[in-house]
Amino acid sequence: MKIRFKIRRCDPSSREGCEPYIQAYNVEVSEGMTVLEALIKIADEDDPTLAFRRSCRSAICGSCAMNINGFPKLACNTQVIPEYRKRGEIFIEPLANHTVIRDLIVDLTPFWKKMEKITPYLIPREEGSIRVTKEDEREIDRVQRCIMCASCNSVCSTLEVDRQFIGPSALAKSWRFVGDVREGGSKRRLERLSEEHGLWDCVRCVHCTEFCPKGVEPLRAIERLRCRAMEEGIVDNEGAKHVDAMVDSVRRVGRLDEAAMTFRTLGFLRSLGMIPFGIKMEIHGKMPHPIIFPKIEGIDEVKHIYRAREREKEKKD
Amino acid sequence: MSTLRYAYYPGCASQEITKEANSTTRKVAGILGIELHDMPGANCCGAGLLTDYDRDLYLALNARIFAQAERMKMDIMTICSTCLMVMRSANHELRDRKVLERINRILSEAGLSYSGRVEIKHLLWVLVEDYGLESLRKKVKKPLTWLKIAPFYGCHTLRPSEVLGRDDPQNPSSLESIIKVLGGEVTEYRDKTKCCGFQVDLVSEDTAFEMTGRRLLSAKKNGGDCIVTPCPFCHINLDNYQEFAEKKVSQNIGMPVFHLAQIVGLSLGMSAEDLGLSRHLVSPEGIIR
């Protein structure tokens, strides 16, 4: 069947500069054909100027990630006909959150710089050899599947507005080392990641996990890094304070005490700055008041659960 | 159709800051004949913050909520997208026998246990699937024909789709189908499945409000008179903090934002007072009839 491919292109060598435009191609598509095969066909038969990255054609090299109908996918791993049936069109764009070099090729320099920043190699413990169990291996199994295609960074909500954010790919890679029992530099890594534009800036939009073509689940890695940072006592930052306030609020009253959480996360001075807006909120009945009495029914059960977990953790240590 | 009954879990936000979502949901359920049974013993699900502290504590506290619903012999209905995602993720993990056994050992210290059989739904899904769009259409007294409504899903009714699974995260349709049944016109825009920024309001407010501003602008530029969201946290950012978002993107927006239950209530003929509209910071009273 013939399917119309709309492709967002740009050509920096043209007189107009890299002003993006949409070009359409009609492609004869056979059953099972992938988007990458269709692009190769366009370049071979129709328009040799169409630029895109590709290499392995089997979802291992991570070269051909691009936006297909609005979301990042590996072109080699996406069949044209099912995608067309689902959405009624095929619209291909370069990955978002990155600068376009030409057509579907984006500049991955920031991606690699972020990766370099997290020291992407093992720093062995000083005590020499260590026995690695199957369970230890499982901890970092998922993040080792990463093929560095940059899909996660391209849909990351925080990166969309803060280009300095370290990003899901580098965070998942960080867990590769922090979660490795042989690693000796975990604490230092976690301290660095807890700084601004680091692991607490993730908004938990779940884009990275949803659109990773290899099931790396970067968000789960971020949660693990956060848990480990808190266990290591790296809590002098707003992200950790926020979590700490929640842990305390649920233990105390069984639910979220918004007033106490704002105060504990921001501290006294920044909370003072909220007063003018607070008055406006109060007028609309929206100002959260500290919860002093209304605990949930059966709060003792909640306390028992907290204590049971604490005992388990003590035993493990 | 037999009466729909749910263990009702409004979530912490809608017991305080977004109370209007809770009170409106109760009234709407009353009109539609959906029974909502309170869970006065239900604890907070952790709102995605307990997962950053201790996974098993998060699972055990969620299992405590599910155990209560199990005793009530009902599935849970929430009106919070984040509660939905957090609870469904926990429930998904608890389907693994080994995990369930481990968590039940913790629960047993509080004299509780959970079998793993409770379902967790959002009001959005209850309306579309359990109650049904045709039944809803029959109840509409005041079709919202004059309103262009921009649906805003946010994150947690859609992702991760592995545990949510109702809507296609790339092309969702449940909110749109409700807007149409209520007689409103759907405003299409690309940002409808993106993030409002709520989770970092207190951690990195520049990031949060920039995100909020972009979503609002996207809805406005595509012709929306107002936004409707199934998530109270999105409502907090889009409505309460709209003035900060406006500053961040250096533009006036003035976009009213409704909770899902409020647009349903509006089409059922409820008054502005019944919908709690005076609680909104961006008044929607100019666009309702």
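Me: Two residues are in contact if their C-beta atoms, placed from the backbone, lie within 7 Å. Which residues in helix 5 of chain B meet helix 6 of chain B?

Reply: This is a predicted model. From helix 5 of chain B come B:Leu124, B:Trp125, B:Leu127, B:Val128, B:Leu133, B:Leu136 and B:Arg137. Helix 6 of chain B meets them with B:Ser174, B:Leu175, B:Ser177, B:Ile178 and B:Val181.

Me: How many nonpolar, polar and charged residues in that contact?

Reply: The residues where helix 5 of chain B meets helix 6 of chain B are 9 nonpolar, 2 polar and 1 charged.

Me: At what angle do the axes of helix 5 and helix 6 of chain B cross?

Reply: Roughly 25°, with the axes of helix 5 (residues 123–139) and helix 6 (residues 174–181) of chain B coming within 10 Å. Angles under 35 degrees count as roughly parallel, so helix 5 of chain B is roughly parallel to helix 6 of chain B.

Me: Is that crossing of helix 5 and helix 6 of chain B left-handed or right-handed?

Reply: Left-handed, for helix 5 and helix 6 of chain B.

Me: Switching to the interface. How many residues does the contact take from chain B and from chain A?

Reply: Chain B gives 49 residues and chain A gives 50 residues.

Me: Which elements of chain B give two or more residues to the side that touches chain A?

Reply: Helix 2 (55–72) and helix 7 (205–221) of chain B. Helix 2 of chain B has the largest share, 6 residues. By class, the side of chain B that touches chain A holds 24 nonpolar, 14 polar and 11 charged residues.

Me: Now the sheet in chain A. In what order do the strands come?

Reply: The order is 2-1-5-3-4, in an open sheet of 5 strands with mixed pairing. Strand 2 (21–28) and strand 4 (71–74) of chain A each have a single partner strand, so they stand at the edges with one side left without a neighbour in the sheet. On average, neighbouring strands of this sheet are turned by 35° against each other, direction ignored.

Me: How many bridges join strand 3 of chain A to strand 4 of chain A?

Reply: There are 4 bridges, and strand 3 (residues 65–68) and strand 4 of chain A run antiparallel. In that pair, A:Ile68 stands opposite A:Phe71 in strand 4 of chain A.

Me: And what does helix 1 of chain A touch?

Reply: Helix 1 (residues 35–45) of chain A packs on the sheet and touches strand 1 (2–9), strand 2 and strand 3 of chain A. The direction of helix 1 makes about 100° with that of strand 2 of chain A.

Me: Which strands does helix 2 of chain A lie across?

Reply: Strand 1, strand 3 and strand 5 (90–93) of chain A. Helix 2 (residues 80–87) of chain A runs at about 105° to strand 5 of chain A.

Technical notes. Residues are numbered from 1 along each chain as its sequence is written. Chains are lettered from A and ligands numbered from 1 in the order in which they are written. This is a predicted model: local features need pLDDT of at least 70, side-chain atom pairs count only at pLDDT 80 or more; totals for chains, interfaces and linings use all residues. Two strands pair if DSSP finds at least two bridges between them. Axes are lines fitted to C-alpha atoms, for helices over the stretch in contact, and angles run from 0 to 180 degrees between N-to-C directions. Ala, Val, Leu, Ile, Met, Phe, Trp, Tyr, Cys and Pro count as nonpolar, Asp, Glu, Lys and Arg as charged, and the others, Gly among them, as polar. Angles under 35 degrees count as roughly parallel, over 145 as roughly antiparallel, 65 to 115 as roughly perpendicular and the rest as oblique. A crossing is left-handed if the near helix is turned anticlockwise from the far one by less than a right angle, and right-handed if clockwise.
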